[in-house]
Amino acid sequence: MVLGIGIDIVQLSRFHHLLKKHGLQSVFALRLASRVLHHTELKRFEKFQLSDDIEQCVRLISGSWAAKEAVYKTLDGPEQARFEFKLWYRYHIKGKPYVW
């Protein structure tokens, strides 16, 4: 049974501002990424980080955040308590977002 349908919107500028303010190579940036991204996603982030590509870093973190937050909102209370963003990863199957 579907109780509701929602749209999740992530404001990229919020992530961009945080990464620019603290620096892409900062401890803050790595801590943020490691809290949100699965270790397979974190490897991509580190690659973008080394090439100083803030736009790709922002897209990766914000896209993963939006997908995982949408999944989180579908869970009941006890499941939400056990949910950890970094344990899930987002990838594309035939171009469609998918959270595993």
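1. In this predicted model, helix H2 passes helix H3 in a right-handed crossing. The axes of H2, which covers residues 27-36, and H3, which covers residues 39-50, come within 9 Å and cross at roughly 155°. Because an angle over 145 degrees counts as roughly antiparallel, the two helices H2 and H3 are therefore described as roughly antiparallel to each other.

2. The contact between these two helices can be followed residue by residue. On the side of H2, the residues taking part are Ala 29, Leu 30, Ala 33, Ser 34 and Val 36, and on the side of H3 they meet Glu 41, Leu 42, Phe 45, Glu 46 and Gln 49. Sorted by class, the contact of H2 with H3 has six nonpolar residues, together with two polar and two charged ones.

3. Glu 41 of H3, which is listed in that contact with H2, also takes part in a salt bridge with Lys 68, where the closest N and O atoms are 2.7 Å apart. Since Lys 68 lies in helix H4 (residues 54-74) and Glu 41 in helix H3, the pair ties together parts that are 27 residues apart in sequence. The count of salt bridges in the model comes to one. As background, side chains of opposite charge can pair when their charged atoms come close.

4. Asp 52 has a positive phi of about 60° although it is not a glycine. For context, most residues other than glycine have a negative phi. Asp 52 counts as exposed, with a relative accessibility of 55%, because exposed means over 50%.

5. For the chain as a whole, the model contains five helices and two strands, and from the N terminus on the elements run α-α-α-α-α-β-β. Of the 100 residues in the protein chain, 30% are buried. Among the contacts in the chain with a separation of 6 or more, 55% are accounted for by residues 24 or more positions apart.

Methods:
Residues are numbered from 1 along each chain as its sequence is written. This is a predicted model: local features need pLDDT of at least 70, side-chain atom pairs count only at pLDDT 80 or more; totals for chains, interfaces and linings use all residues. Side-chain values use heavy atoms; hydrogens and water are left out. Axes are lines fitted to C-alpha atoms, for helices over the stretch in contact, and angles run from 0 to 180 degrees between N-to-C directions. Helices (H or I, at least four residues) and strands (E, at least two) are DSSP runs, numbered from the N terminus. Angles under 35 degrees count as roughly parallel, over 145 as roughly antiparallel, 65 to 115 as roughly perpendicular and the rest as oblique. A crossing is left-handed if the near helix is turned anticlockwise from the far one by less than a right angle, and right-handed if clockwise. Contact means heavy atoms within 4.5 Å. Ala, Val, Leu, Ile, Met, Phe, Trp, Tyr, Cys and Pro count as nonpolar, Asp, Glu, Lys and Arg as charged, and the others, Gly among them, as polar. A salt bridge is a side-chain nitrogen of Lys or Arg within 4 Å of a carboxyl oxygen of Asp or Glu. Buried means under 20% relative accessible area, exposed over 50%, partly exposed in between (1.4 Å probe, protein chains only).
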